[in-house]
Amino acid sequence: MDKRNLTLTGIAVALLAAATVYYFTRSGAQARMPSKVSVNCACLACRKFVGVDAKITDPKPFTCPLCGQRAAYPLLMCRDCGAYFVPNLERSPDGEFPQMPMAPSCPKCGSRNVGAYVGREPIPADKLILPKWPQ
Ligand SMILES: [Zn+2]
Ligand SMILES: [Zn+2]
């Protein structure tokens with residue numbers, strides 16, 4: 001191997017190392033960013049089911065992609081009676097937007113056996129039980 005080939009090999013190795021560092025730096029940066037997820041919500045302003053691309057850390061309510069108002073709350077479902085609903089909201093201490101209660105209960109049967117609706121099917125508007133809006 002002559003000198004020229006050695007130099008070229010050196011450059012190739014340096015480039016590969018740089019690319020590797022770049023790759024890891026980038027993927028590391030992405031891992032630190034909270035990634036957006038699609039959240040099943042109901043918009044209290046337009047009274048419809050909406051899928052909202054939001055970060056976990058975004059304050060609720062989310063901005064509705066249909067009407068642009070900050071009135072989209074995560075949709076819950078009752079595991080006992082199958083109702084789809086947003087629970088009655090509570091005034092937040094700082095007063096800007098009402099918030100979901102910590103321990104919501106089903107507005108139809110009163111059960112506390114409720115959780116986030118994580119299905120893929122949109123829920124028709126006439127099946128949603130929503131509190132009045134604006135509060
Ligand atoms: Zn809306
Ligand atoms: Zn229920």
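The model is predicted: local features need pLDDT of at least 70, side-chain atom pairs count only at pLDDT 80 or more, and totals for chains, interfaces and linings use all residues. Residues are numbered from 1 along each chain as its sequence is written, and side-chain values use heavy atoms, with hydrogens and water left out.

**Nonpolar cores**
- A nonpolar core is a set of buried Ala, Val, Leu, Ile, Met, Phe, Trp, Tyr and Cys residues joined through side-chain atoms within 4.5 Å; buried means under 20% relative accessible area, exposed over 50% and partly exposed in between (1.4 Å probe, protein chains only).
- The largest such core has 20 residues, and Tyr 73, Leu 75, Phe 85, Val 86, Ile 123 and Leu 128 have the most contacts inside it.
- At least two residues of this core come from each of strand 5 (76-78) and strand 6 (84-85); strands are DSSP runs (E, at least two residues), numbered from the N terminus.
- Another core, of 10 residues, lies apart from it and includes Val 39, Val 50, Ala 54 and Ala 72.
- Beyond four places away in sequence, the contacts of Leu 75 include Asn 40, Phe 49, Phe 85, Ala 116, Ile 123 and Leu 128, where contact means heavy atoms within 4.5 Å.

**Loop between strands 7 and 8**
- Val 118 lies between strand 7 (114-116) and strand 8 (128-129).
- Val 118 counts as exposed because its relative accessibility is 72%.
- Val 118 and Val 39 are 79 residues apart in sequence, with their C-alpha atoms 7.9 Å apart.

**Loop between strands 6 and 7**
- Ser 92 is in this loop and counts as buried because its relative accessibility is 12%.
- Its side chain reaches the backbone oxygen of Phe 97 at 3.0 Å.
- Leaving out residues up to four places away in sequence, Ser 92 touches Phe 97, Pro 98 and Gln 99.

Key:
Chains are lettered from A and ligands numbered from 1 in the order in which they are written. Helices (H or I, at least four residues) and strands (E, at least two) are DSSP runs, numbered from the N terminus. A polar contact is a pair of N or O atoms within 3.5 Å; within protein, one must be able to donate a hydrogen and the other to accept it, and residues adjacent in sequence count only if both atoms are side-chain atoms.
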